[in-house]
Amino acid sequence: MTDLRHHGDLDARPGLEDFAVNVRGSAPPAWLREHLAAALDRIGTYPSTEDDARARRAVAARHGRTPDEVLVLAGAAEGFALLPALAPLKAALVHPSFTEPEVALRQAGVPVHRVLLDAADGYALRPGLVPGDADLVVLGNPTNPTSVLHPAATIRALAREGRTLVVDEAFMDAVPGEPETLAGADLPGLLVLRSLTKTWALPGLRAGYALGHPDLLARLAAHRPHWPVGTLQLAAVEACASPMAVAEADAAAVSMAPHRTHLAAALAGLPGVVVHEPAAGPFLLLRVRDGERVRAGLRDRGIAVRRGDTFPGLSADHIRVAVRDPARAALLVDALRAELSIEVST
Ligand SMILES: Cc1ncc(COP(=O)(O)O)c(C=O)c1O
């Protein structure tokens, strides 16, 4: 079994130009850092129910929900770790996708069925591939690492009584206008996970939230410790749900899109490079020949990319790269061009 615990942060060694981790920028914006710094004044006491209530109210308003439909998490990753609390009998995991849900479920002894989407079919979600008796279904939208955005209507077709349908929307705020989000949807068993990590450059804070029916959230949270998230996480969740922050995230998503188009075109112009498109996330999935050697060569040239072979359904010839602005993207494109020219001439 490949290393399902491998993530981009392991590829991004210090000193390398980082195309492996899909975090926007290297630090949160100044206003958010100031907000977090101000919240430091409150960490001399335990996180208060009022802090939690304010965060949940803000998130509820952002997604057209009620506060009791919001559960603040220590990152979307905590949401996956809590899934075994639902005691599923059969989990269907849609791949290729982020692997932490599979790790959490396998570790808890939950039978896992992999639903492998087909590259030749554009990694399209085909509800018929999901076993009817799966009482837990997990998928990502947009999907890491394929960058595919599934239509909300197709995902809706997977919802039914007696099944929990988890939609990992950790990257949804990188999609302008979030047309396919289910964050505000009222569907049986729906659990939407969101993350502050990527858009707000907060991987070290561990902040995200779940949206779903209050009964489902209560079952999920049944065995959490008291004070599961801290005052700073609650402060960040509240602040990043404000209309100002949502507008800022959307503007960032709008400006990222042409950078992705630019990078995709430049990479697709290199010999033997296939870029999976259409892409909706802040990253691209590539296929190259002799991927392992290419990755090593890029590393020697100072470039870190995310290996693809730890994602079920992908191979060593798959590489995921983060979208960066054209000046930084040129570093990747030039290094890859040089690496591929060696490959061709040897
Ligand atoms: C698709 C996807 N979902 C969830 C996560 C975890 O996000 P968080 O940092 O909020 O735990 C990641 C992190 O890499 C991810 O790529």
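Buried here means under 20% relative accessible area, and the views below show a predicted model.

**View 1. Helix α3 and its buried residues.** The residues of α3 that are buried are D51, A53, A55, A58, V59, A60 and H63. In general, residues three or four places apart point the same way, because an α-helix has 3.6 residues a turn. Just beyond the helix, G64 adopts a positive phi of about 65°.

**View 2. Strand β8 and its two faces.** Strand β8 is mostly covered, with five of its five residues buried. From this strand G208, A210 and G212 point one way, while Y209 and L211 point the other way, and all of them are buried.

**View 3. The pairing of β8 with β2.** Strands β2 and β8 pair in the antiparallel sense, over four bridges. Within this pairing, L71 stands opposite A210 of β8, and A210 points from β8 the same way as G208 and G212.

**View 4. The pairing of β8 with β7.** Strands β7 and β8 run antiparallel and are joined by five bridges. Here V192 stands opposite L211 of β8, and L211 is a buried residue that points from the strand the same way as Y209.

Notes. Residues numbered from 1 in each chain as written. Predicted model: local features only at pLDDT ≥ 70, side-chain atom pairs only at ≥ 80, totals over all residues. Heavy atoms only, no water. Buried < 20%, exposed > 50% of the residue type's maximum accessible area, 1.4 Å probe, protein only. Pairing = 2+ DSSP bridges.
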